[in-house]
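Biologist: I have a model open and would like to learn how to read it. Could we take a few features one by one?

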Amino acid sequence: NSHILNRDFWRDTGVKDMVQCSFVFWQQLDVSDEGYQFISRYNVVEFPHVSIIDPRTGAIVWKQVGDLDCRLLAEKIQDFLGSSPNPSEYRGNKIRRVIHDSNSE
(Lines give C-alpha, C1' and ligand atoms only; values in the text may rest on other atoms or scores of the structure.)
Protein backbone atom coordinates (compact mmCIF):
# COMPACT_ATOMS: atom_id res chain seq x y z
CA ASN A 1 0.00 0.00 0.00
CA SER A 2 1.00 3.65 -0.21
CA HIS A 3 2.15 3.75 3.43
CA ILE A 4 4.72 1.03 2.70
CA LEU A 5 5.92 3.05 -0.32
CA ASN A 6 6.41 6.11 1.84
CA ARG A 7 8.07 4.18 4.65
CA ASP A 8 10.41 1.91 2.71
CA PHE A 9 10.54 2.55 -1.00
CA TRP A 10 11.06 6.32 -1.15
CA ARG A 11 13.58 6.04 1.67
CA ASP A 12 15.99 4.13 -0.61
CA THR A 13 18.80 6.67 -1.14
CA GLY A 14 19.52 5.61 -4.73
CA VAL A 15 15.92 6.00 -5.83
CA LYS A 16 15.45 9.14 -3.75
CA ASP A 17 18.54 10.84 -5.22
CA MET A 18 17.58 10.03 -8.83
CA VAL A 19 14.02 11.21 -8.32
CA GLN A 20 15.09 14.44 -6.60
CA CYS A 21 17.67 15.27 -9.28
CA SER A 22 15.68 14.49 -12.40
CA PHE A 23 11.96 14.18 -11.76
CA VAL A 24 8.97 15.91 -10.29
CA PHE A 25 7.69 13.69 -7.50
CA TRP A 26 3.93 13.95 -7.28
CA GLN A 27 1.79 11.95 -4.89
CA GLN A 28 -1.94 12.30 -4.45
CA LEU A 29 -4.74 10.47 -2.70
CA ASP A 30 -7.03 8.70 -5.13
CA VAL A 31 -10.01 10.53 -3.62
CA SER A 32 -8.56 14.02 -4.18
CA ASP A 33 -9.57 16.04 -7.25
CA GLU A 34 -6.05 15.80 -8.69
CA GLY A 35 -5.84 12.08 -7.91
CA TYR A 36 -9.18 11.46 -9.60
CA GLN A 37 -8.06 13.37 -12.71
CA PHE A 38 -4.87 11.30 -12.89
CA ILE A 39 -6.78 8.03 -12.41
CA SER A 40 -9.21 9.01 -15.15
CA ARG A 41 -6.59 10.21 -17.62
CA TYR A 42 -4.27 7.22 -17.22
CA ASN A 43 -6.89 4.54 -16.49
CA VAL A 44 -5.36 3.56 -13.15
CA VAL A 45 -7.19 0.61 -11.61
CA GLU A 46 -4.68 -0.80 -9.10
CA PHE A 47 -2.81 0.78 -6.21
CA PRO A 48 -0.20 1.68 -5.29
CA HIS A 49 0.71 3.00 -8.73
CA VAL A 50 4.11 4.45 -9.65
CA SER A 51 4.74 5.71 -13.15
CA ILE A 52 7.23 7.66 -15.21
CA ILE A 53 5.50 10.16 -17.49
CA ASP A 54 7.35 11.66 -20.43
CA PRO A 55 6.98 15.44 -19.94
CA ARG A 56 7.18 16.03 -23.71
CA THR A 57 4.24 13.79 -24.59
CA GLY A 58 2.35 13.25 -21.35
CA ALA A 59 2.45 9.50 -22.02
CA ILE A 60 3.26 6.93 -19.38
CA VAL A 61 6.53 5.32 -20.44
CA TRP A 62 6.72 2.95 -17.48
CA LYS A 63 4.45 1.95 -14.63
CA GLN A 64 4.37 -0.48 -11.78
CA VAL A 65 1.43 -1.35 -9.58
CA GLY A 66 1.24 -3.37 -6.42
CA ASP A 67 4.49 -4.65 -4.94
CA LEU A 68 7.42 -2.54 -6.06
CA ASP A 69 11.11 -3.29 -6.35
CA CYS A 70 13.55 -0.41 -5.73
CA ARG A 71 16.16 -1.90 -8.06
CA LEU A 72 13.65 -2.20 -10.90
CA LEU A 73 12.55 1.41 -10.48
CA ALA A 74 16.18 2.58 -10.37
CA GLU A 75 16.83 0.69 -13.64
CA LYS A 76 13.77 2.22 -15.30
CA ILE A 77 14.73 5.72 -14.17
CA GLN A 78 18.24 5.26 -15.57
CA ASP A 79 16.81 3.85 -18.84
CA PHE A 80 14.47 6.82 -19.19
CA LEU A 81 17.19 9.37 -18.44
CA GLY A 82 19.59 7.67 -20.86
CA SER A 83 17.09 7.59 -23.71
CA SER A 84 15.51 11.01 -23.20
CA PRO A 85 17.20 14.28 -24.09
CA ASN A 86 17.90 16.70 -21.30
CA PRO A 87 15.41 19.55 -21.90
CA SER A 88 17.93 22.27 -21.03
CA GLU A 89 20.53 20.80 -23.41
CA TYR A 90 17.93 20.41 -26.14
CA ARG A 91 16.79 24.01 -25.75
CA GLY A 92 20.39 25.21 -25.76
CA ASN A 93 21.22 23.26 -28.94
CA LYS A 94 18.08 24.52 -30.62
CA ILE A 95 18.91 28.12 -29.70
CA ARG A 96 22.51 27.75 -30.93
CA ARG A 97 21.27 26.22 -34.18
CA VAL A 98 18.81 29.09 -34.74
CA ILE A 99 21.51 31.68 -34.03
CA HIS A 100 23.98 29.89 -36.30
CA ASP A 101 21.41 29.63 -39.10
CA SER A 102 20.50 33.31 -38.87
CA ASN A 103 24.19 34.32 -38.93
CA SER A 104 24.71 32.24 -42.09
CA GLU A 105 22.36 34.41 -44.12
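Biologist: Is Asp8 buried, partly exposed or exposed?

Modeller: Buried means under 20% relative accessible area and exposed means over 50%, with partly exposed in between. Asp8 has 38% relative accessibility, so Asp8 counts as partly exposed. Keep in mind that this is a predicted model. Asp8 sits in helix α1.

Biologist: How far apart are the C-alpha atoms of Asp8 and Cys70?

Modeller: Their separation is 9.3 Å, although the two residues are 62 residues apart along the chain.

Biologist: How many helices and strands does the protein chain have, then?

Modeller: There are five helices and two strands. Read from the N terminus, the order is α-α-α-β-β-α-α. As for burial, 23% of the 105 residues in the protein chain are buried.

Biologist: How do the strands β1 and β2 run, and how many bridges join them?

Modeller: They run antiparallel, and five bridges join β1 to β2, which covers residues 60-65.

Biologist: Which side chain does His49 join in a polar contact?

Modeller: The side chain of Ser51, at 3.3 Å. His49 belongs to strand β1. Its relative accessibility is 18%, so His49 counts as buried.

Biologist: Next, aromatic rings. What describes a pair of them?

Modeller: Two values do: the distance of the centres and the angle of the planes. This structure holds three aromatic pairs. In one of them, Phe23 and Phe80 are 5.9 Å apart centre to centre with 40 degrees between the planes, and the pair is tilted.

Biologist: Why does the pair of Phe23 and Phe80 tie together separate parts?

Modeller: Phe23 lies in the loop between α2 and α3, while Phe80 lies in helix α4, so the pair links parts that are 57 residues apart in sequence. Phe23 is partly exposed, with a relative accessible area of 22%, whereas Phe80 is buried at 13%.

Biologist: Last, pockets. What shows where empty space is left?

Modeller: Rolling a probe the size of a water molecule over the atoms shows it. Here the largest pocket has a volume of about 1200 Å³. It is lined by 40 residues, and the closest to its centre are Val24, Phe25, Trp26, Ser51 and Ile53.

Biologist: Which elements each supply at least two residues of that lining?

Modeller: They are α1 (2-9), α2 (13-22), α3 (33-42), β1 (49-53), α4 (70-83) and α5 (87-104).

Biologist: How many lining residues of the largest pocket are nonpolar, polar and charged?

Modeller: The lining has 25 nonpolar residues, 11 polar ones and four charged ones.

How values were computed:
Residues numbered from 1 in each chain as written. Predicted model: local features only at pLDDT ≥ 70, side-chain atom pairs only at ≥ 80, totals over all residues. Heavy atoms only, no water. 1 Å grid on protein atoms, 1.4 Å probe; cavity = no way out; pocket = protein on both sides within 12 Å on 5 of 7 lines; lining within 4 Å. Points joined across faces, edges and corners; volume = space filled by probe spheres on them. Helix = DSSP H or I, 4+ residues; strand = E, 2+ residues; numbered from the N terminus. Nonpolar A, V, L, I, M, F, W, Y, C, P; charged D, E, K, R; others polar. Phe/Tyr/Trp six-rings, centres within 6.5 Å; stacked < 30°, edge-to-face > 60°. Buried < 20%, exposed > 50% of the residue type's maximum accessible area, 1.4 Å probe, protein only. Pairing = 2+ DSSP bridges. Polar contact = N/O pair within 3.5 Å; in protein donor to acceptor, adjacent residues only side chain to side chain.
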